[in-house]
Amino acid sequence: MYGETGAAIRAEFAALLRQHRIQQRLVGTTTKEREELGGLIRTYRQTVLVWLGQAMRAASPLAFSNMPPAQPNPFRAVGSSGSHLSATELARAIDLAKHQSSASPASTHALATPNANPMVDRWRLAARAAALAEHDTSEQVSAQMTAPQAQALVGDVAALTQALVVLDQRYKNTPGWEPLAQCARLGWASLAAALDVNLGQPDYAIDHLGWRPKTKVITGPVRPGILGVLQAQHNLVIRMKSVPNATNLRLVVDSQRLVSAHLAPYAARIDERLAGRWTERAETYSVIQKELREIGGLLGKGGLAVSEGANAVARLKALPRDTIVEPRVVSGFQLLFNRLDHRIADVIEDGVQQGAFFKRVTLPRLVGGGGQLVRPVRERFVPVTPAKDLEVVKTVRERLRPKNEPPMSTPGPTRVDLHSALIHRPTRGGAVDVPNV
Amino acid sequence: VAFHPGKESIVLLPHAQTLAQARSYLAALADQASTIDASSAYERVLIELDRIQGDECPSADAEGLTEDRAILLAVATSALEELEQYGVDPLTVELVIAMLDDAYALDGT
């Protein structure tokens, strides 16, 4: 997730920005040793620069200027707007700094080996987080990004670039140090980009994008009480990754109907509104179940999902009536319900669309002879209709699919911390974070 | 079990009609059940019946059937018993009927 890797980079840089008197921290008896450490720091910086450039590339298709569209003038030629995007300029400056530097990005070995010097180790951690963040700003992720989210990313890149510029000034006395190319230009470009981002409203929901570890089935012994139900429900959501066939889908739907209906009384003690929603969910599943009777299909599997659904029902029925369900557990159920409803809605819609599920045919009806000589069998044909005319698809779209609730997003503490660290200066006299000399 | 996956099963018209009747009665029972548990139990009988037939079943039509659950149970049971004549394994049919009886017992209480 970008939220985690981005926060790690910002935290390390905020700590580095609070450190002054660099030469005393680069402990080394000889100039050569300090030069070696300086070279190591530059490889770490190069890794960070590589990520910054990549993040800007991910954001650039979405980074629009905040310039309001001009009144169209019919007497003027179109497309002659000379405005230069500050984000493009920042991307160009970062690329330039990356290419002009002689250092190569840090190797995996260098990223993984802790350094004895605490300051160099911070650089290492920042570079490691940057290398991991390449996962979170890859092209697949940027395809899901919205323009305000891209702006938030540009803002982060601008702040980190500014941090690199400040640190570059501070490290310039290190033997063999190579300053960033066009350092001043880089600083002003990042300032302009940051100011430009703040004209709009950056959306920090970008923290939720990116790579996530794979969710796994909870194995092992059955958790006691309500947690066992939660465990089965969680496993059911994961097992539903494989597409079930029509029979198994009906069994899963049946289990959800029962789980929702039986959980509602427990939830009612905590949250009446939620209990109402769950009762409604049970009714929705009843309707879907009724409509799925007319749907058949042999493609798919889903045996494991069915067994987990049955587990959930059986464990829930075995609970004592007076069990107290914690609010945490209740919200866990709500989360799992939302995911499962999405998945079941997808399975039904895709299945009908792609022909994995089909509608049962109504039988030809034999009508008793009415005195006529020839009596043909009355047959009813099912017209081929688009998927959206099917009852069950309509129900799924209108009732089952959860409404999209945008996740709450705040800038988080690390962004604020980094911004304040950018202008940090040591207090006179007893500076706490400066080693005694 | 009558249905063997991979083997073509032939469903003739009278067989299909009986099946459609059985499904319709079960669907009506599920719709009219007094509790959600009973309704789900009937539903599972219906799913089991479909599974036995390899999901090659005609559609059910629960509209316009009687609302008396005892009568529905009787006609459903007789339709299920009739399935034996069309090559469905008698033991399987008995098991389905036993499931139906259990569901009805759940419904009555």
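Why does B:S78 count as partly exposed? The reason is that B:S78 has a relative accessible area of 38%, and partly exposed covers values between buried (under 20%) and exposed (over 50%), using a 1.4 Å probe and protein chains only. The structure is a predicted model, in which local features need pLDDT of at least 70 and side-chain atom pairs count only at pLDDT 80 or more, while totals for chains, interfaces and linings use all residues; side-chain values use heavy atoms, with hydrogens and water left out. Residues are numbered from 1 along each chain as its sequence is written, and chains are lettered from A and ligands numbered from 1 in the order in which they are written.

B:S78 belongs to helix 3 of chain B, residues 69–82. A polar atom of the B:S78 side chain lies 3.1 Å from the backbone oxygen of B:V75. B:T66 is twelve residues away from B:S78 in sequence, and their C-alpha atoms are 16 Å apart.

Turning to the whole chain, chain B has four helices and zero strands (DSSP runs numbered from the N terminus: H or I of at least four residues for helices, E of at least two for strands). The pattern along the sequence of chain B is α-α-α-α. Chain B contains 109 residues, of which 47% count as buried. Of the contacts in chain B with a separation of 6 or more, 78% join residues 24 or more positions apart, a contact being heavy atoms within 4.5 Å. Chain B exposes about 5200 Å², with 54% supplied by carbon and sulfur atoms; this accessible area comes from the Shrake-Rupley method with a 1.4 Å probe.

Next comes the partner chain. In the interface, 24 residues of chain B touch 25 residues of chain A. Together the two chains bury about 2000 Å², 53% of it on carbon and sulfur atoms; this is the accessible area (1.4 Å probe) that two parts lose on being put together, summed over both. B:I36, B:I47 and B:D55 supply 29% of the area that chain B buries against chain A, more than any other three residues.

Charged groups also meet here. Six salt bridges are found across the interface of chain B and chain A, each a side-chain nitrogen of Lys or Arg within 4 Å of a carboxyl oxygen of Asp or Glu. One of them pairs B:D31 with A:R293, with 2.9 Å between the closest N and O atoms. Helix 1 (13–32) and helix 2 (36–52) of chain B are the elements that give two or more residues to the side of chain B touching chain A. Helix 2 gives the most, with ten residues.

Note on methods:
Polar contact = N/O pair within 3.5 Å; in protein donor to acceptor, adjacent residues only side chain to side chain.
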